[in-house]
Amino acid sequence: MANLTLVDNKHLGLIINRLCYQLIEDHGTFNDTVLLGLQPRGVFFAERIVEKLKTISPKANIKYGKVDPTFYRDDFRRSDKTLLAQPTEIPYDLEGKKVVLMDDVLYTGRTIRAGIECLLEYGRPSSIELMVLIDRRLSRELPIEPTYLGLSVDSYDNQKVKVIWNGESGDKVQLLTDK
Amino acid sequence: MNRTLSVKHLLGIKDLTKEDIELIFSQADEFKEVLNRPIKKVPSLRDVTIANLFFENSTRTRLSFELAEKRLSADIVNFSASTSSVKKGETLVDTVNNILAMKVDMVVMRHSAPGSCLFLSKHIDAAIVNAGDGTHEHPTQALLDAYSIREKLGSLKGKKVAIIGDITHSRVALSNIYCLKKLGAEVMVCGPSTMIPKHIQSLGVKVEHSLRNALEWCDVANMLRIQLERQEVSVPYFPSLREYSMQYGLTKEILEGLSKKVVVMHPGPINRGVEITSEVADHTQSIILEQVENGVAIRMAVIYLLAQTRRTEKEVV
């Protein structure tokens, strides 16, 4: 595996900052908004965003939860991996709310589809937006596009884009190539 | 943590590792959350068909399994011996093979013969879940009991659990002993000497014949039902139900007179006034209804994990 760092800790901080300001521009006080991190790795990304939002806009009424797409995935009994569930924590009624779903890497779009199906069980939101840190835009298998985007990456299928949270040199995004 | 179960079937707790049990518990946590959602159903098992074969009567286990299967969106077929061809002399393997010919992926079976689930697992190609085989094991009951204790007391390690009542005829007792020991709890069985199997100490459990001593020792008391249907009339195990209840029945006075708060459990169905009184069954220290609620989550976890393992195995071959 050859590793290439696409985004280092400092750059990632800048991206998160920009995404936060975009969110504030669109959602204002966040009164009608619920932010949801997708389990497992989207939660790290969502937590960074929530943390930053609270420092930029301390008075905003930020509602944050976690959603686990496992039980809604379309590869149950079809993949070699066992699909194990992570906690879903949505302590809010989503009826009529503006939901922002967050994940670290958008690849085929199948996880996002499962995540959307899961959160719909908690009520009918007025809208669902998608925020991703990395968009592997050439690999989509479903018609799903991000509303808020950190960085677009073009990659091959034998490559893997991995976001390392809390690594030795802080957070970073790496492109791993299988040789 | 392990990502898959080490077994293809759930025949008994004896075959499970501690890691298997912990994996089932961690998934049951997530299913419990699902059961508290506005929409209590997930689509995971859309293409899985499960046959519930109940050769022996059951109300709550059967309902609990059925509900667990429906909450997972599996297709189910039900079967009970009283309305089937078993009455016409068909063998177990034939009955089940006929059902499997209809493309069933999993079989949940209760049968009066100990070992019937093991026998079936050797003869047919489907995942088997034991829902009680005679006086042998009742693994999902033991899992939900341990899960309920973990939920109430935080962990099983070092906890003292007394299983009280008819130990000889109880599959719940045997499965509970295996499960609790694997999770690091101390276990005591308590009952009249006629209802405690010889050599049960070889399973690493304490034996006690006084209800009060057992209650003073334990953190959790699991009260078992007297299984009159399994006792041969010619061999009396105790003089009368009234005498049993005088010596081994748990009353409010005994429970509240203890030096500590003991958690009371019962696998059901309860004979109110025999092994426990109504006041104890409805007492704040009783977690009988929590057990029933947790039963659905535990059974969802078991079915979900077995359904995945099965597919992985097939693909390796």
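## Interfaces of chain B

A salt bridge (a side-chain nitrogen of Lys or Arg within 4 Å of a carboxyl oxygen of Asp or Glu) joins A:R77 to B:D105, with the closest N and O atoms 3.4 Å apart. The model is predicted: local features need pLDDT of at least 70, side-chain atom pairs count only at pLDDT 80 or more, and totals for chains, interfaces and linings use all residues. Residues are numbered from 1 along each chain as its sequence is written, chains are lettered from A and ligands numbered from 1 in the order in which they are written, and side-chain values use heavy atoms, with hydrogens and water left out.

**Chain B against chain A.** Contact, meaning heavy atoms within 4.5 Å, involves 30 residues of chain B and 21 residues of chain A. The most comes from α11(B), with eight residues. By class, this side of chain B has 13 nonpolar, six polar and eleven charged residues; Ala, Val, Leu, Ile, Met, Phe, Trp, Tyr, Cys and Pro count as nonpolar, Asp, Glu, Lys and Arg as charged, and the others, Gly among them, as polar.

**Domain 1 against domain 2 of chain B.** An automatic or database domain assignment divides chain B into domain 1 (13–137 + 292–316) and domain 2 (139–291). Domain 1 brings 31 residues to the contact and domain 2 brings 29 residues. The C-alpha centres of the two domains lie 26 Å apart. Of the area that domain 1 buries against domain 2, B:I13, B:F25 and B:N294 supply 24%, more than any other three residues. Three salt bridges are found across this interface. B:K32 forms a salt bridge with B:E151, where the closest N and O atoms are 2.5 Å apart.

The table lists the buried area (the accessible area, with a 1.4 Å probe, that two parts lose on being put together, summed over both) for each interface.

| Interface | Buried area | Share from carbon and sulfur atoms |
|---|---|---|
| Chain B and chain A | about 2300 Å² | 48% |
| Domain 1 and domain 2 of chain B | about 2600 Å² | 59% |

Conventions. Helix = DSSP H or I, 4+ residues; strand = E, 2+ residues; numbered from the N terminus.
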